[in-house]
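Q: I'd like to learn how to read a structure like this one. Can we go through it feature by feature?

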Amino acid sequence: MIQSVNSIPAFDNRQQYTTIAAEVSAVVLEILASGRYIGGAVVENFEQQFAAYHHVSNCIACNSGTDALYLALRAFDIGAGDEVITTPFTFIATAEVISAVGAKPVFVDIDATTFNLDVQQVAAAITPQTKAIIPVHLFGQPVDMTSLMAVAIAHNLIVIEDCAQSTGAKWQGERVGSIGHIGCFSFYPTKNLGGCGDGGAITTNNSEIAAKLRVLKEHGQTTRYIHAEIGVNSRLDAIQAAILTIKLQHLDSWNEKRQAIASRYHEFLSAISGITIPQELSGGEGVWNQYTIRVLDERRDWLRNQLQERGINTMVYYPRPLHLQPVYESLGYQVGQLPISEQGANEVLSLPMFPELSEEQQQQVIYSLKDCF
Ligand SMILES: *Cc1c(COP(=O)(O)O)cnc(C)c1O
C-alpha cells in the first residue's frame, strides 16, 4: 500500500527506538563481542527484573508468547482428554496451544463492552474434563480476575493468563500475570513491551511449576544430556534479553502515554453516533495495546476505506472468531452460536495507537473520523 507523506500508521516503533538507540547499540555490541549469545547473566538479569516488576517469585524467559502458553499447559500436565475454556475472540495462538498439547479448546462468548471472556458464561461451560481456563486480557484491558478466580477456585481449575497484549496492566492494583496460577507474555515487536524480534516469558509464584518449565523449555533436560521428558527448545536470546531489560525501565511511562491517548480518544469520539468507544471495567487499569471501537450498522469496512483515503491506517483484530476458523471446523461450532464474538468480528476497528503518536497526529485521526460521519 502506498502511503502519503502525512499518512498515520496504525503502529510505528521507529520513533521509540531512536530514544533508546544509543543505549541499545552499546549493549548489543557488547554481547556480540562477548561471544555469549544464549543464556547467561543477561538473560537471568532480565528474568529477575521481570519477576520483580510483577511481584512474583519466578520468571522463565522463552522464545515467544505462543511458547509461553504451550509450556504453561505442559507444566500443568494438561493434554489428551482435557478441556480448556477460553475466548474465541483472540489471536489463534491462545487456542492453538491447547490443541498442540492434545487438549480440546472450549469457547465461551465474550462480554459486549470489554471484548473479554464473559466470566458469567465460564461456569456453565465447565465439565468433568475441564482442567484450565485461559483468560486473555485483550487489547490491554484486564479481565475481571476477581470473578474469574472465584469460579476457578470453586471448580479447582488452573488459570493461565494470556498477557500477550497487556504487559503492565493491573486488576485491582495487581499486575496481570501475577493473579492466576501462571502468566504468559509475548515480546513480539507490536506488544507493549516489544523486543527486536521474537520473545516471551512466563511468571508464576509456584516454584515447582517454575522448575518444570525450566526443564521443558530445554529439551526436557534435567541434568546435562539427561532427558526426562519430551521438551522443546525455547530460549530468549541474550541480545533480546538485553534490549528488553532497557525497555522494561520505560514500560510504565510508555503505558501512561497510551492511557493519555486513550483518554483523548474517549473525549473526542464519545459523541459520534455510529460508533461505540471501548469501555473500561472499574477495578481495571488497562494499557491500551489497541484502541478498538465498534462501527455500527455494517459500516466498518466502509469506514476503514474512508479513513484509508484520508491517510489514516487502521486494523481489524480479529475478522473471524476462532470457533469459526477452518482449523476448528471439527469442533462443530455453528454460525450464531457465540453471537457477541461474531458481532465483534464484524464491527471492530482498531485506531492508531502507540506511545509516540503525537497530539497533532491524533487530532488528524479524530478530525478524519468525524468527517466520515
Ligand atoms: C501475540 C499474541 C500471542 C502470541 O505471542 P507470540 O509472541 O507472537 O507467539 C498470544 N496471545 C495473544 C492474545 C497475542 O496477542
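A: Let's begin with pockets: on a 1 Å grid over the protein atoms alone, a pocket is an open set of points with protein on both sides within 12 Å along at least five of seven lines, while a cavity is a set of points where a 1.4 Å probe fits but cannot get out. A molecule sits in a cavity or pocket if more than half of its atoms lie within 2 Å of its grid points. Here, the ligand sits in the largest pocket. Keep in mind that this is a predicted model, where local features need pLDDT of at least 70 and side-chain atom pairs count only at pLDDT 80 or more, while totals for chains, interfaces and linings use all residues. Residues are numbered from 1 along each chain as its sequence is written, and side-chain values use heavy atoms, leaving out hydrogens and water.

Q: How many residues surround the ligand, and which are the closest?

A: A residue is near a molecule if one of its heavy atoms lies within 4 Å of it. In this model 15 residues surround the ligand, and the closest are Gly65, Thr66, Asp162, Ser186 and Lys191. Sorted by class, the shell has five nonpolar, eight polar and two charged residues. For that sorting, Ala, Val, Leu, Ile, Met, Phe, Trp, Tyr, Cys and Pro count as nonpolar, Asp, Glu, Lys and Arg as charged, and the others, Gly among them, as polar.

Q: Which helix gives the most to the shell around the ligand?

A: Helices (H or I, at least four residues) and strands (E, at least two) are DSSP runs, numbered from the N terminus. Helix H3 (65–75) and helix H4 (93–100) each supply at least two shell residues, and H3 gives the most, with three.

Q: Is H3 mostly covered or uncovered?

A: Buried means under 20% relative accessible area, exposed over 50%, and partly exposed in between (1.4 Å probe, protein chains only). H3 is mostly covered, with 10 of its 11 residues buried. Among them are Gly65, Asp67 and Leu69. Look at the ends too: Ser64 caps the N-terminal end of H3, with a side-chain oxygen 3.4 Å from the backbone nitrogen of Thr66. Just after H3, Asp77 takes a positive phi of about 55 degrees.

Q: Where else is there a positive phi in a residue that isn't glycine?

A: Phe115 is in the loop between strand S3 (104–107) and helix H5 (119–122), and counts as buried because its relative accessible area is 3%. Trp288 is another, at about 50 degrees; it lies in the loop between strand S13 (284–285) and strand S14 (291–295). With a relative accessible area of 7%, Trp288 is buried as well.

Q: What does the side chain of Asn289 contact?

A: Asn289 is in the loop between S13 and S14. Its side chain makes a polar contact with the side chain of Asn192 (2.8 Å). Asn289 is buried, because its relative accessible area is 4%.

Q: Which residues does the cis peptide bond join?

A: Check omega: for the bond joining Tyr317 and Tyr318, which is cis, omega is about 5 degrees. Tyr318 lies in the loop between helix H10 (300–309) and helix H11 (339–347). Val316 is in the loop between H10 and H11 too, and is buried at 16% relative accessible area.

Q: How far apart in space are Thr87 and Pro135?

A: They are 7.0 Å apart, C-alpha to C-alpha, and 48 residues apart in sequence. Thr87 lies in the loop between strand S2 (83–86) and H4, and counts as buried because its relative accessibility is 2%.

How values were computed. On a 1 Å grid over the protein atoms alone, a cavity is a set of points where a 1.4 Å probe fits but cannot get out, and a pocket is an open set with protein on both sides within 12 Å along at least five of seven lines; lining residues have an atom within 4 Å of a point. A polar contact is a pair of N or O atoms within 3.5 Å; within protein, one must be able to donate a hydrogen and the other to accept it, and residues adjacent in sequence count only if both atoms are side-chain atoms.
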